[in-house]
Structure formats: C-alpha cells, structure tokens
Amino acid sequence: MTRNDALKQATDYFDKGTLQSELATLVAYHSESQNPDQNPVLEQYLTEAIQPRLDAMGFDCKIYENPSTKVTGGPLLLGTRIEDPSLPTVLTYGHGDVVWGQDDEWREDLTPFELIEDGNHLYGRGSADNKVQHLVNIAALESVLAVRGKLGFNIKIVLEMSEEIGSPGLAEMMETHRDTMMADVLIASDGPRLSAERPTMFMGARGGLGFDLVVDLREGAHHSGNWGGLLADPAIILTQALASITDARGQLQIPEWRPTSLTQKVRDALQGLPVGTDEGPTVDEDWGEEGLTPAERAYGWNSFAILAMKSGVPEAPVNAIAPTAWACCQLRYVVGTDIEQALPSLRRHLDAGGFEKVQIRPMDKGIFGATRLDPDHPWVTYVRNSLRETTGKDPHVLPNLAGSLPNDCFADVLGLPTIWIPHSYLGCNQHAPNEHVLKPICREAMQVMAGLFWDIGTSAPPTPKT
C-alpha cells in the first residue's frame with residue numbers, strides 16, 4: 001500500500017458522497033453555545049456524533065464537564081490513541097459548537113440546521129466553522145488506517161463545545177491534563193484559506209480583547225429643548241473618547257497598543273500574500289497603519305474596532321438627551337503586545353484626554369491570546385512540503401491568522417509548535433446567514449490531510465518535546 005492509495009481512499013470518501021451525508025448529520029445538531037436552551041445538544045454532539053466514531057478508531061475517550069467558574073461552558077472530549085510511546089505524537093482539535101442560527105435571515109430556500117447542496121456550495125450553520133473541518137481531519141485519519149492498518153504515529157484529540165463563547169475552560173483542561181495531552185505538534189483546522197484555489201497554513205492567531213466603554217450620567221432622559229446646553233450629553237462624550245483612540249484613518253493613538261513584533265522576518269513572510277476576496281468588500285488602501293501593506297496590517301499589526309454602540313432609542317428617536325451611552329469595543333492584537341497593560345493604558349489615555357466619565361468594563365467572556373510560530377520551524381517546513389507534494393501548489397504560509405482562536409491553550413499552556421490547515425475560505429459567510437463550504441475545497445482537504453497523516457507515519461521531523 002502506498003501514499004497514493006491513501007489519497008484515493010480519502011478522495012473516494014468525498015466522491016461517493018460520504019462526506020456530504022456525514023456533514024449533514026453534524027449540521028443537524030443545533031449546537032448553539034450562545035443559546036442556553038441548547039446546552040443539552042452540546043453534550044449530545046459529543047456522545048452521539050463524535051465519541052462512537054473515535055472509539056471505533058481505537059481512541060480512549062472521556063467527556064468532561066467544563067471546569068470554568070467564570071463562564072458556563074459546554075463539555076469537552078479528550079481522546080488518545082497510542083500505537084507506541086516512542087512514535088511521534090500529534091494533537092488535533094476541533095469545536096462542535098456554532099453561533100446563533102439566525103434562522104429568519106437566511107436565503108429563502110435555506111435553513112441553518114439542514115445541509116443544502118447548491119452547485120459547489122454546501123450550506124448550513126457550522127458547515128464551515130467548524131464541523132466540516134474536524135470531520136475532514138477525522139475522516140483522513142480513517143483513510144490512512146484503512147489503507148495501512150495503522151497510523152505510524154500517536155494521535156490525541158481535543159473537541160470542545162464552547163469556542164464561540166471564548167473557549168472557557170479549555171486552558172484549564174490543558175493545564176490539568178498536560179501529561180495526557182502532551183504531543184510533538186498540534187495540527188488542526190479552523191478559519192479560512194487565503195484563496196479558495198490554494199491551501200493555507202497558519203501557525204498562530206491574533207488575540208482578541210473585548211470590552212465595553214460606558215458613559216452613565218443620570219437617571220432617565222430629559223427634554224433636549226429644556227435641558228440642551230445644560231446637561232452633559234453621554235453620546236457626545238463617548239464619541240469624542242472613541243475618536244481619540246485612533247486618528248481619522250484608524251491608526252492607533254495609544255502607544256502601548258502599537259506592537260513591536262513586526263520584524264523584517266515577519267514582513268518577508270507576509271510579502272505577496274493575498275488579502276480579501278473577490279466576493280467580499282474592497283480593501284481600503286487608505287485605512288489603518290500608514291506605511292504597511294494590507295497583509296502587514298491584517299497579520300502583523302493591531303486593530304481597534306467598535307462592534308456596536310447605542311444611546312437613546314435608535315428605533316424611535318425622541319427629543320431628549322439620553323442618560324447613558326454604550327459602545328462594545330475590541331482590540332485585535334499580535335504577539336509583542338503587552339495585553340496586561342491594554343486596559344490600564346486605555347484608562348490613562350482617557351483620563352489624560354479629560355474623559356474620566358468614560359467607564360471601562362471588561363467582558364466576562366474568554367480572551368484568546370496572541371500566538372505565532374517561526375515560519376522556519378522544522379514542522380512548518382515539513383507540513384509545507386507535504387501539502388505541496390499532494391496538491392502541486394505551494395501553500396500560503398502565515399505566521400498567524402488575522403482572526404482569533406484558542407491556539408494559546410496549545411502553544412503557551414502545552415508549549416507545542418502549532419500548525420493550522422483551514423478547510424474553508426474567506427467568502428464562507430462564517431458567523432453570518434448562508435454559511436457554507438465549497439465542495440472543491442472539501443475534496444482537496446481530504447487529500448491534503450490524508451497525505452500529511454501518511455507522511456507523518458512514515459518519517460516525521462525529529463523535533464523534541466518542549
């Protein structure tokens with residue numbers, strides 16, 4: 001049996017419609033971690049859809065209650081399949097929870113929790129994020145086992161049900177079960193490719209820090225004619241404060257928020273990488289840090305965003321000065337940012353600008369840390385060569401993703417080199433109505449992962465555990 005036999009096995013899994021039918025089963029679980037009414041479904045996803053399959057592959061699995069005391073999170077499955085302790089060990093990861101279905105906002109002929117095929121598109125909530133991604137990786141492992149009768153390496157898996165609410169409890173689980181889950185490398189899948197036509201690898205992610213800014217001055221609204229010019233307006237105070245955080249083109253004005261890690265080596269790695277998609281909005285060349293390329297702004301720099309804001313009654317404005325104003329804010333940050341100083345430095349900045357009345361309220365949900373792996377790491381080179389051999393295409397290689405995911409639980413807590421191989425694309429409508437995956441990407445992903453797992457079982461790079 002050869003590598004090509006494993007690739008054929010994986011390709012047949014897609015071509016015969018097995019991936020589509022099994023993905024349909026996974027999508028049908030209403031595993032919305034943001035919806036407390038669906039908490040029982042989070043456990044059902046693991047006990048019914050995942051664990052029996054892993055058990056059949058020879059995994060030793062256990063499902064744990066979430067240990068978080070700050071946020072109520074869903075259960076976690078930890079599994080190990082040890083062929084020989086002397087062999088290389090790979091840790092993989094996935095999450096079975098999804099965001100709100102947003103049932104009424106999908107295209108008329110679509111519904112979130114039914115997989116619907118339309119040309120090259122497979123529509124359904126969680127189809128891209130993250131159900132097809134861990135399904136592909138599990139099925140690729142099965143393909144190698146079916147052909148070779150063994151993997152030739154040890155495999156461990158973490159599958160959580162709370163990623164969409166910040167992965168509460170995941171870091172604690174990795175710390176508690178460090179010895180059990182230790183490996184040579186994390187190889188997992190989440191997020192989008194940079195291009196639908198070409199595989200992508202990324203070795204970390206930007207961190208995400210969420211917080212609210214609030215101006216709360218008094219009880220009740222007051223007539224804007226009788227009290228205009230006499231009462232401070234919370235919305236004006238808040239908008240002035242928000243405007244001070246960046247300049248008119250979005251450049252960060254808080255020194256501590258400006259990273260120090262955009263080295264020439266990182267710039268070289270980002271050179272020529274595509275940003276955006278033909279199906280998405282046009283990249284604004286005059287927005288963000290001046291002097292940086294779009295790729296450097298997205299993957300090598302920090303960005304501030306106002307996710308939502310409110311004062312008064314936007315649906316039915318009245319002639320009154322509102323008592324409060326609120327904005328939901330987010331800092332996306334890269335390695336090289338002292339995140340412990342992010343909010344204290346914001347406080348100092350606001351106070352210096354005369355905005356003492358603006359309150360900073362940290363969000364209770366989890367914070368994903370920033371991580372990055374050297375593009376020259378032996379595992380990066382190894383995986384890149386494997387993907388190139390399978391597809392004939394040189395993959396896009398990112399030091400870190402522009403978005404956030406819980407990679408710090410593996411890179412920082414376990415100390416692993418981490419490599420992510422996404423099986424979706426930028427136009428997938430992740431977190432939005434009409435979420436979908438592309439069938440050609442799914443087919444190639446099966447080949448890519450089967451080829452990689454075959455290669456690891458043949459000769460993995462000799463990198464020591466950390």
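Biologist: Where is Q102 found?

Modeller: Keep in mind that this is a predicted model. Q102 is in the loop between β3 (89–95) and β4 (116–118). Its phi is positive, about 55°, although Q102 is not a glycine. Most residues other than glycine have a negative phi.

Biologist: Is Q102 buried, exposed or partly exposed?

Modeller: Q102 has 26% relative accessibility, so it counts as partly exposed.

Biologist: And what about S167, where is that?

Modeller: S167 is in the loop between β6 (154–160) and α5 (170–176). Phi of S167 is positive too, near 55°. At 6% relative accessibility, though, S167 counts as buried, because the cut-off for buried is under 20%.

Biologist: New topic: which peptide bond is cis?

Modeller: The one from D129 to N130, with omega near 10°. N130 is in helix α4 (residues 127–148).

Biologist: OK, helices now. At roughly what angle do α12 and α14 cross?

Modeller: Roughly 125°, and their axes come within 9 Å. That angle makes α12 and α14 oblique to each other, and the crossing is right-handed.

Biologist: Which residues meet there?

Modeller: Among them are W379, Y382 and V383 in α12, and V448, L452 and I456 in α14. The contact divides into 7 nonpolar, 5 polar and 3 charged residues.

Biologist: How many residues does the largest nonpolar core have?

Modeller: It has 69 residues, and V383 and I456 are among those with the most contacts inside it. L54 is another of those, and L54 touches F59, C61, L77, I138 and I157, leaving aside residues up to four places away in sequence.

Key. Residues are numbered from 1 along each chain as its sequence is written. This is a predicted model: local features need pLDDT of at least 70, side-chain atom pairs count only at pLDDT 80 or more; totals for chains, interfaces and linings use all residues. Side-chain values use heavy atoms; hydrogens and water are left out. Axes are lines fitted to C-alpha atoms, for helices over the stretch in contact, and angles run from 0 to 180 degrees between N-to-C directions. Helices (H or I, at least four residues) and strands (E, at least two) are DSSP runs, numbered from the N terminus. Angles under 35 degrees count as roughly parallel, over 145 as roughly antiparallel, 65 to 115 as roughly perpendicular and the rest as oblique. A crossing is left-handed if the near helix is turned anticlockwise from the far one by less than a right angle, and right-handed if clockwise. Contact means heavy atoms within 4.5 Å. Ala, Val, Leu, Ile, Met, Phe, Trp, Tyr, Cys and Pro count as nonpolar, Asp, Glu, Lys and Arg as charged, and the others, Gly among them, as polar. A nonpolar core is a set of buried Ala, Val, Leu, Ile, Met, Phe, Trp, Tyr and Cys residues joined through side-chain atoms within 4.5 Å. Buried means under 20% relative accessible area, exposed over 50%, partly exposed in between (1.4 Å probe, protein chains only).
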